[in-house]
Amino acid sequence: MTDAFTLRAVERWGYINILDVYSQMGVTDFPLYHILFGIFLLAYCVLLIRRNRYTIFFTISMLISIFIAKGPHSPLGQVFVWAWLNIPHFAIFRAANRWVMMAIFSHAFFVSLLTYYLTEYIKKKKYVQTEEFLFNIRLKIGRISKNRRLAFSIDSFNVFLKKIHKILYFLSVILLVFIFLSGFLSCFFFFSQGLQTYTPPEQYLAPYEWLLLQNGDYKIVSVGRSSYEWTVSPDECSDFASSAMQTTLGWGHDIGFDSVFIHDKPVLQNGGWDFKPRQFVDHLRFRLAREHLTDNLFKILGPFAYKYIVIPPYTTDKTREFFLNQEGYQIIYNDTAIILQNEYAMPRIFATADSMLVVGGLESFDALCKIEGFNLNKTALFFIPAFSESDPFENESFDKFRILSFVNSDVLDLAMLSFVGEKNFILAGNYGVPSINSTAYWVKMPSWRIVGAYVLGGDTLTTFGNNRIDLPFELSTDGLHDIWLRIGFAPSRGKLKIYVDGEPIQEICTDTPLWSKLVWINITRLDLAKGSHCITLENDGTGYNDIDAIAVVKPSELESKMNKITQALQNFQGRILYLFEAENAFLDSSSKDWTWTVKPYNGYMVRSESLGLNVAPSASANASSLSWVDGVPFEAKYVNDDDLHTRWASEKSVTPQWLELTWEEPQQLLGVRLLFESAYAKEYSIQIWNGTDWITQIEVTENNALERTHIFAEPVKTNKLRVYVTAFSIYNRVSLWELQAYSPGATSSSVKITIPQRGNYILAARVAKGPGYGTLYFNVSGNLYSVPCNSPVNQFEWCEIGPFFLERGEHFVSVGGVGLVELDEFLVYSLKEEESYLTLNELFNFVDPKVSVSYEQMNSCLFKAYVSANETFTLIFSDTYNPLWKAFVDGEEISSNLTYSLVNSFYINKTGKFTVTVYFTGQYYADVGLTVSIISFVSVFALTTVFLMFSRRKWFAKPCFLGRLIFWKKAN
Ligand SMILES: [Ca+2]
Ligand SMILES: [Ca+2]
């Protein structure tokens with residue numbers, strides 16, 4: 001409050017690194033702000049002597065201004081907070097302290113009034129005037145005498161008064177001096193240090209001066225450094241697209257931010273205010289680059305004309321290392337700064353003949369770029385919803401896509417998409433408070449789009465605290481409805497209680513070891529009446545919950561949407577591809593054999609180090625004997641119940657003893673693991689049944705270990721296995737907690753794939769290979785496929801499995817491993833009828849489009865592309881998408897499509913040699929507006945002149961400027 005009143009409200013930015021802006025901006029060790037407080041308070045005392053509309057206006061203006069400027073601080077801070085949350089558009093006051101501007105005007109007004117009164121007072125010099133202050137007394141002596149007036153003065157009083165005036169006189173002089181000086185004193189820093197003109201050091205500028213000499217139309221990535229890296233720790237929270245840089249003088253918004261001003265070359269910025277490019281850049285900076293997840297950053301930036309990457313001297317080692325470890329660049333400038341030339345960079349306008357429709361999030365970029373044969377520059381990506389107004393499958397251009405890919409998503413996501421905009425569909429993010437305090441409120445959170453997941457609402461509705469929120473929805477019919485929630489599975493989740501119309505429905509917890517997926521889950525089926533309803537979400541405050549969307553739909557309606565979509569997919573002429581990140585697909589609490597790991601430049605993946613799938617629990621167990629303790633039998637069945645607290649024990653002192661597992665179907669066995677109780681076996685053998693005899697696989701003598709693992713020399717197929725014990729330990733019997741028998745098989749949770757087209761499919765997986773790696777197994781709808789991962793060199797490799805035949809409908813894929821295995825991601829893609837096989841690289845390897853494009857930039861709104869094409873194509877124009885960008889071919893207007901989730905493209909259905917004009921039609925309206933303005937101005941001027949000439953000639957007789965101008969000729 002006092003800070004706002006004394007105009008000390010500061011932004012903690014700017015010079016913060018070289019001085020404490022709160023206490024050192026003004027002259028230090030001096031009660032400057034007390035004096036200012038006194039001066040301003042005195043200034044407002046003018047109200048006591050002068051109250052008119054001006055003083056009242058400025059007083060009110062000052063009060064409002066201070067209320068806003070002090071923001072949520074006391075007094076009345078709660079009122080501000082309430083207004084922030086409840087008054088629409090109150091958020092314009094977000095940089096609250098800037099609104100102190102109004103108080104500055106008011107202060108200035110009152111201080112000038114005060115100055116006026118003070119100078120007037122000084123001018124009068126009251127104390128030198130020797131007038132005496134006279135007391136009047138009325139006297140009446142006697143009844144008849146007249147009233148008499150007697151004047152007298154008290155000398156001491158006059159002296160006192162004189163002294164008061166003298167003191168006031170000097171005080172006024174001092175006050176005036178302070179008023180005069182206060183400006184200097186409160187900006188003392190600038191007067192002592194000189195005016196702070198921001199000049200970046202020469203070594204910061206040198207690479208840009210070099211770029212000045214490079215010809216052509218290109219864009220730049222100017223690698224930056226986050227404020228956190230500048231001020232707190234250079235190794236954390238790296239950020240290559242942060243806006244500011246630091247010099248010895250402080251901060252500068254620079255090069256790197258919103259800057260098309262470096263020699264007219266656009267620079268990758270932090271995304272600006274436009275949501276689509278922003279979410280793309282956010283994903284690159286806060287996920288891929290910060291966590292060093294990819295070496296394909298330049299491949300991803302390729303289609304957007306980012307040709308040069310400037311790594312200035314002030315970037316941190318960690319960030320520099322990340323950029324230098326990327327694929328596909330040449331160092332073309334190497335001084336204190338480094339400039340890399342991106343080998344993937346395309347011109348700002350180029351053509352592709354191939355396009356892919358993606359049902360998925362921005363993680364698709366990196367996931368696809370890991371495929372060597374895939375090149376973003378040759379395949380234009382369109383993300384669902386690509387055609388916002390209509391159903392994508394009814395759009396005629398749907399069939400032009402060569403590939404439809406589901407990236408960590410399912411046909412259900414498509415079906416749900418068709419409910420967006422209806423009253424029974426809630427985009428939950430819209431109900432979030434725009435705050436960063438996720439403990440106090442349900443807020444709007446960008447985390448999932450930064451991770452790269454497909455977020456319907458852009459941001460999710462998120463809270464960490466114990467909070468409730470009501471979300472209204474409306475139903476147009478009575479009947480049974482399914483309630484679907486699109487929710488995030490990630491670490492540190494709280495319990496979420498869901499109520500419908502106040503009734504508790506379900507409690508869920510979506511805790512997983514990794515930020516794995518944002519998926520639709522069916523909460524319940526309810527009989528709901530037509531009309532308004534309310535769904536309430538309550539987080540218990542033990543962790544986060546992120547909600548993307550809620551749908552309340554009739555089961556039959558969803559089914560018909562699903563049918564419609566599968567019908568459309570069945571008729572789809574292109575190829576269907578499913579891409580899954582293994583860490584999204586196979587990690588949940590049930591898959592205990594699997595953990596996640598993150599490998600620099602390769603990303604997150606799942607890892608397993610096991611002997612295989614334990615098939616013992618599916619066998620029946622028999623033993624030579626059993627023993628009883630306290631009336632409890634230690635039966636053979638306890639040896640394969642997958643419980644480490646139950647066991648089998650043999651009778652005492654009799655050898656041999658045996659324990660046998662029998663399977664109904666023969667099993668492929670790789671080995672066994674024995675978990676003995678302290679009554680272990682000293683000598684034993686592992687035998688398998690070959691149909692006629694027991695064949696010994698393993699023979700053990702002199703054992704004293706409680707846990708033994710035996711891998712067979714070769715896998716054996718059998719339906720019986722036994723442990724044959726010939727010598728005991730000192731306990732004189734044998735007892736086993738568990739006997740595990742390992743077989744190749746899936747040990748992970750499974751992921752669902754909805755196959756709309758029956759036919760042959762191939763699965764391709766990106767696995768880690770190297771010495772010491774084992775074998776990975778894929779279980780696709782009950783069939784097991786192996787991927788050997790042992791190799792002399794450590795590297796990631798794509799391995800193909802198949803082709804295998806899949807019927808229409810739902811299929812499940814899971815994985816297992818024998819030995820160390822690591823799986824990054826996998827794809828399942830369809831083969832066409834005539835194809836018998838297709839490698840992953842062939843999938844994307846097709847002939848280059850027979851289209852050549854050159855272009856000319858006429859001005860920033862107008863480009864001309866000169867095309868020679870033998871086939872129809874997509875013209876990519878890699879400036880930020882805006883529907884006002886249009887292409888014109890032979891006078892025909894072509895609308896822009898949102899491509900790669902952020903730029904423009906135009907589908908050109910024409911061949912031959914011709915010119916495409918790309919024009920920002922917004923400029924047309926601006927031009928029309930400007931023309932109208934000029935015409936209006938000229939006509940008003942002309943009409944006024946004419947009017948004056950003819951109607952008020954007398955007026956021109958006066959020696960005015962206009963009169964002289966117009967009659968100058970006449971006078972001649
Ligand atoms: Ca057991
Ligand atoms: Ca992965």
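Mentor: Let us start with R8, which lies over the face of Y22 at 3.9 Å from the ring centre. A charge counts as sitting over a ring if NZ of Lys or CZ of Arg is within 6 Å of the ring centre and within 35 degrees of the ring normal. K517 likewise has its charged end over the ring of F489, 5.5 Å from the centre.

The model is predicted: local features need pLDDT of at least 70 and side-chain atom pairs pLDDT 80 or more, whereas totals for chains, interfaces and linings use all residues. Side-chain values use heavy atoms, without hydrogens and water, residues are numbered from 1 along each chain as its sequence is written, and chains are lettered from A and ligands numbered from 1 in the order in which they are written.

Aromatic rings come next. Rings of Phe, Tyr and Trp (its six-membered ring) pair if their centres lie within 6.5 Å; planes under 30 degrees apart are stacked, over 60 edge-to-face, and the rest tilted. The count by this rule is 50 aromatic pairs. One of them joins W448 and W515: the ring centres are 4.8 Å apart and the planes stand at 55 degrees, so this pair is tilted. W448 belongs to helix 15 (residues 447–451) and W515 to the loop between strand 19 (503–508) and strand 20 (517–528), so the pair links distant parts of the chain, 67 residues apart. Here helices (H or I, at least four residues) and strands (E, at least two) are DSSP runs, numbered from the N terminus. W448 is buried at 1% relative accessible area, while W515, at 30%, is partly exposed; buried means under 20%, exposed over 50%, and partly exposed in between (1.4 Å probe, protein chains only). Elsewhere, F5, F37, F40, Y44, F57, F58, F109 and F110 form one aromatic cluster.

Finally, consider a metal site. E581 (OE), E583 (OE), E583 (OE), Y604 (O), D824 (O) and D824 (OD) coordinate the calcium ion (ligand 2) at 2.2 to 2.8 Å. Donors are N, O and S atoms within 2.8 Å of the metal (3.2 Å for Na, K and Ca); water is not among the atoms, so sites may look incomplete. E581 lies in strand 23 (residues 575–581) and D824 in strand 41 (residues 809–830), so the pair ties together parts 243 residues apart in sequence. E581 is buried, with 7% relative accessibility, and D824 is buried at 0%.
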